[in-house]
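Hello,

Here is the structure I promised to pass on to you. Have a look at it first, and then read on for my notes.

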Amino acid sequence: MEGKMIFVLSVLLCSSQLVTAEMTCQECKKVAEAAGRFYTLDETIEEEIDIFLNATCSDLIEEYDFPDCFQELMNSWPPVAKAIFNSEEGWYNPISWCEDLQCNWDQDNQETETEVKCDSCVERMQGNLFFFDDAVILSDIIYAFQYQGFCDSSDKPELCRKRFLYGLPRIMRQLKNDEMSEKRHIQFCQAEANCI
């Protein structure tokens with residue numbers, strides 16, 4: 001399921017990446033791979049849960065009769081986040097995340113030490129949040145989770161499908177609008193992407 005879902009995500013990101021930070025292909029790849037590692041760490045996923053849980057569940061419990069929202073999202077978000085945000089096939093796949101740079105990965109795929117500029121790194125990470133609530137991207141991610149393995153393996157697949165439909169857009173919007181994202185991205189760029 002993960003491969004199919006993430007392929008759809010990668011294709012969508014290729015067609016819609018709009019980030020203004022000037023970077024080389026190698027810089028972008030370094031940032032993307034670091035972001036994929038960072039956003040799939042258990043600690044980072046726990047921070048994401050802290051960002052979205054209260055606001056998302058308050059809405060879902062009231063509007064969609066989702067009484068076990070808090071526990072269910074705490075349990076289900078880690079594997080979902082790891083599928084969405086990895087750099088192998090997911091959101092931070094360098095081929096799709098750096099698509100706007102028109103990289104020729106056959107030529108630009110040298111393993112050389114690359115320096116990442118802090119301003120460019122932070123700008124690109126912040127710019128990528130624009131797509132967190134993009135309707136086309138989210139609809140394809142939701143569909144993939146609903147029908148390509150994740151919900152099919154659930155005890156209650158139809159309930160899983162419904163909850164994914166109204167849960168994921170709210171989660172992604174909370175992550176997009178987090179007031180601490182720029183501070184987090186500055187720290188990420190310094191500590192994980194080793195920017196200068």
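In this predicted model, the side chains of D68 and R163 meet in a salt bridge, with 3.4 Å from N to O. This pair links distant parts of the chain: D68 is in the loop between helix 3 and helix 4, while R163 is in helix 8, 95 residues apart. The two partners differ in how much cover they have. D68 counts as partly exposed because its relative accessibility is 37%, whereas R163 is buried, with a relative accessible area of 10%.

E72 and R163 form a salt bridge at 2.8 Å, N to O. Here again distant parts of the chain are linked, since E72 belongs to helix 4 and R163 to helix 8, 91 residues apart. E72 has a relative accessibility of 27%, so it counts as partly exposed.

What else does R163 touch? Leaving aside residues up to four places away in sequence, R163 touches D65, F66, P67, D68, E72 and L168.

Now to another salt bridge, the one where the side chains of D178 and R184 meet at 2.5 Å, N to O. D178 counts as buried because its relative accessibility is 14%, and R184, at 15%, counts as buried too. The structure holds 11 salt bridges. As background, side chains of opposite charge can pair when their charged atoms come close.

The chain has 196 residues, and buried residues make up 47% of them. Among contacts with a separation of 6 or more, 80% are between residues 24 or more positions apart. The accessible surface comes to about 10,100 Å², and carbon and sulfur atoms account for 49% of that.

Next, the inside. The largest nonpolar core has 55 residues, and those with the most contacts inside it are W77, F85, W91 and M125. Which helices supply at least two residues each to this core? They are helix 2, helix 3, helix 4, helix 6 (118-128), helix 7, helix 8 (157-176) and helix 9 (181-191). Helix 4 gives the most, with eight residues. In general, nonpolar side chains tend to be buried together in soluble globular proteins.

Not counting residues up to four places away in sequence, W77 touches I45, E48, I49, F52, F85, L168, I171, M172 and L175.

W77 also brings us to the aromatic residues. One aromatic cluster is formed by F38, Y39, F52, W77, F85, W91, Y92, W97, F132 and F188. One of its members, W97, has a charged neighbour: the charged end of R124 sits over the ring of W97, 5.1 Å from its centre.

The structure holds 17 aromatic pairs, and I picked two for you to compare. In the pair of Y39 and Y92, the ring centres are 5.7 Å apart and the planes are at 20°, so the pair is stacked. Y39 lies in the loop between helix 2 (25-38) and helix 3 (42-64), and Y92 in the loop between helix 4 (69-85) and helix 5 (94-97), so this pair ties together parts that are 53 residues apart in sequence. Both Y39 and Y92 are buried.

The other pair is Y143 and Y147. Is it stacked or tilted? The ring centres are 5.1 Å apart and the planes are at 40°, so the pair is tilted. Y143 and Y147 both lie in helix 7 (residues 135-147), four residues apart, which is about one turn of the helix. As for their cover, Y143 counts as partly exposed because its relative accessibility is 45%, and Y147, at 41%, counts as partly exposed as well.

Happy exploring, and do write back with any questions!

Note on methods
Residues numbered from 1 in each chain as written. Predicted model: local features only at pLDDT ≥ 70, side-chain atom pairs only at ≥ 80, totals over all residues. Heavy atoms only, no water. Phe/Tyr/Trp six-rings, centres within 6.5 Å; stacked < 30°, edge-to-face > 60°. Buried < 20%, exposed > 50% of the residue type's maximum accessible area, 1.4 Å probe, protein only. Lys NZ or Arg CZ within 6 Å of the ring centre and 35° of its normal. Core = buried A, V, L, I, M, F, W, Y, C linked by side-chain atoms within 4.5 Å. Contact = heavy atoms within 4.5 Å. Salt bridge = Lys/Arg side-chain N within 4 Å of Asp/Glu carboxyl O. Areas by Shrake-Rupley, 256 points an atom, 1.4 Å probe, with all protein chains shown as cover.
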